[in-house]
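Here are a few notes to go with the model, written for a colleague with the coordinates open. Do have a look for yourself as you read.

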Amino acid sequence: MAAGPPPPLEPSPLPTFPEEGFADKFLRKTRENPLVPLGCLCTVSVLVYGIICFKKGNTRRSQLMMRARVIAQGCTFAALLGGMAATAFKSRQ
């Protein structure tokens with residue numbers, strides 16, 4: 001059973017967005033997956049509040065906020081992966 005050479009792997013062309021600046025790209029990406037910027041904002045907010053608590057000497061609250069930051073980062077990462085999977089699934093259809 002001699003099979004021929006495998007077919008060449010040709011990636012599908014990537015979509016191009018001509019004349020798209022930073023703000024346009026940011027708005028487009030935010031519309032595609034709104035949970036990622038929201039998660040980033042939540043993560044930064046918890047981080048800043050934890051640092052403020054640490055500076056004030058409230059170590060118990062500071063530790064709680066650092067744990068909350070790790071959870072917020074995990075949720076943001078999960079939202080990022082979910083958005084990527086949804087985009088990949090949508091492009092296959």
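1. Let us start with N33, which sits in the loop between α1 and α2; helices here are DSSP runs (H or I, at least four residues), numbered from the N terminus. N33 is buried, with a relative accessible area of 16%. For reference, buried means under 20% relative accessible area, exposed over 50%, and partly exposed in between (1.4 Å probe, protein chains only).

2. A word on the basis of these notes: this is a predicted model, in which local features need pLDDT of at least 70 and side-chain atom pairs count only at pLDDT 80 or more, while totals for chains, interfaces and linings use all residues. Residues are numbered from 1 along each chain as its sequence is written, and side-chain values use heavy atoms, leaving out hydrogens and water.

3. What does N33 touch, not counting residues up to four places away in sequence? The partners are A79, L80 and G83, where contact means heavy atoms within 4.5 Å. The N33 side chain also reaches the backbone oxygen of A79, at 3.1 Å.

4. Next, please look at α2, which covers residues 35–56. Its 22 residues reach 32 Å from first C-alpha to last, close to the 32 Å expected at 1.5 Å a residue (the expected span is 1.5 Å times one less than the number of residues).

5. Which residues of α2 are buried? They are V36, G39, T43, V46, G50 and C53. Viewed down the axis of α2, these buried residues fall within an arc of 120°, so they line one face of the helix; the arc is taken from the directions from the helix axis to the C-beta atoms. The buried residues of α2 pack against α3 (59–92). On the face turned away from the buried side you will find the exposed residues L38, L41, K55 and K56.

6. The UniProt record, an unreviewed entry, lists residues 35–54 and 66–89 as "transmembrane region"; such annotations may be inferred rather than shown by experiment. In the model, residues 35–54 are 100% helix and 0% strand, with end C-alpha atoms 28 Å apart. Residues 66–89 are likewise 100% helix and 0% strand, and their end C-alpha atoms lie 35 Å apart.

7. Finally, F22 and F26 both lie in α1 (residues 22–32), 4 residues apart, about one turn of the helix. F22 is exposed, at 73% relative accessible area, and F26 is partly exposed, at 48%.

Methods:
Helices (H or I, at least four residues) and strands (E, at least two) are DSSP runs, numbered from the N terminus. A polar contact is a pair of N or O atoms within 3.5 Å; within protein, one must be able to donate a hydrogen and the other to accept it, and residues adjacent in sequence count only if both atoms are side-chain atoms.
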